[in-house]
Amino acid sequence: MLQLTCEISPTLRRKKMALWRNVFAAVICCIIFLIIFILLKNGWVIVISVAPGPEYGLLLFLLPGVVTALISRDSAIFSSFIGGLASIPVCFLLRMAFYPRVRPLFQELAYATSAIFWCVLGAMLVQLLVVVYRQFRHD
């Protein structure tokens, strides 16, 4: 009898695993981003802020980028950007459905853009620390 086997080459297998790791990292980033958004909007995490002053709660959005960079080393910045970008429509829907409108839409869009910035900055920070660690270990 003729037996057909379908083997995947090791190179193709590694590429598929890397792709799934990047997708998994973006999904995890999206989930953590949404959790931080809900925590901040519900007031479960209290950040002292003065009305015309800075939003210190945005620093919490570093966490999704850090976790994404630790999961996906190859494309950490892209995965954290995609994860943050994918969570913004859900955040807007949650805000419109459950939270009172305090700010205009353009101000909420600026808030979301800066949250994505902090998310990507967290991934960049981890990338920088990995490069510095490798450089010091190499010497």
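Which residues have the most contacts inside the largest nonpolar core, and how many residues does that core have?

Modeller: This is a predicted model, in which local features need pLDDT of at least 70 and side-chain atom pairs count only at pLDDT 80 or more, while totals for chains, interfaces and linings use all residues. Residues are numbered from 1 along each chain as its sequence is written, and side-chain values use heavy atoms, with hydrogens and water left out.

The largest nonpolar core has 19 residues, and Phe33, Phe61 and Ile88 have the most contacts inside it. A nonpolar core here is a set of buried Ala, Val, Leu, Ile, Met, Phe, Trp, Tyr and Cys residues joined through side-chain atoms within 4.5 Å; buried means under 20% relative accessible area with a 1.4 Å probe, protein chains only. Helix 1 (10-42), helix 3 and helix 4 (105-138) each supply at least two residues of this core, and helix 1 gives the largest share, 7 residues. Helices are DSSP runs of H or I with at least four residues, numbered from the N terminus. In soluble globular proteins, nonpolar side chains tend to be buried together.

Phe61 touches Phe33, Ile36, Phe37, Leu40, Tyr111, Ala115, Trp118 and Cys119, leaving aside residues up to four places away in sequence; contact means heavy atoms within 4.5 Å.

Ser80, in helix 3 (residues 76-98), counts as buried because its relative accessibility is 0%. With residues up to four places away in sequence not counted, Ser80 touches Cys29, Gly65, Thr68, Cys119, Val120 and Ala123.

The largest cavity is lined by Phe33, Phe37, Ile88, Cys91, Phe92, Glu108, Tyr111 and Ala112. A cavity is a set of points, on a 1 Å grid over the protein atoms alone, where a 1.4 Å probe fits but cannot get out, and lining residues have an atom within 4 Å of a point. The volume of the largest cavity is about 60 Å³, taken as the space filled by probe spheres set on the points, which are joined across faces, edges and corners. Helix 1, helix 3 and helix 4 each supply at least two residues of this lining.

Technical notes
Buried means under 20% relative accessible area, exposed over 50%, partly exposed in between (1.4 Å probe, protein chains only). On a 1 Å grid over the protein atoms alone, a cavity is a set of points where a 1.4 Å probe fits but cannot get out, and a pocket is an open set with protein on both sides within 12 Å along at least five of seven lines; lining residues have an atom within 4 Å of a point.
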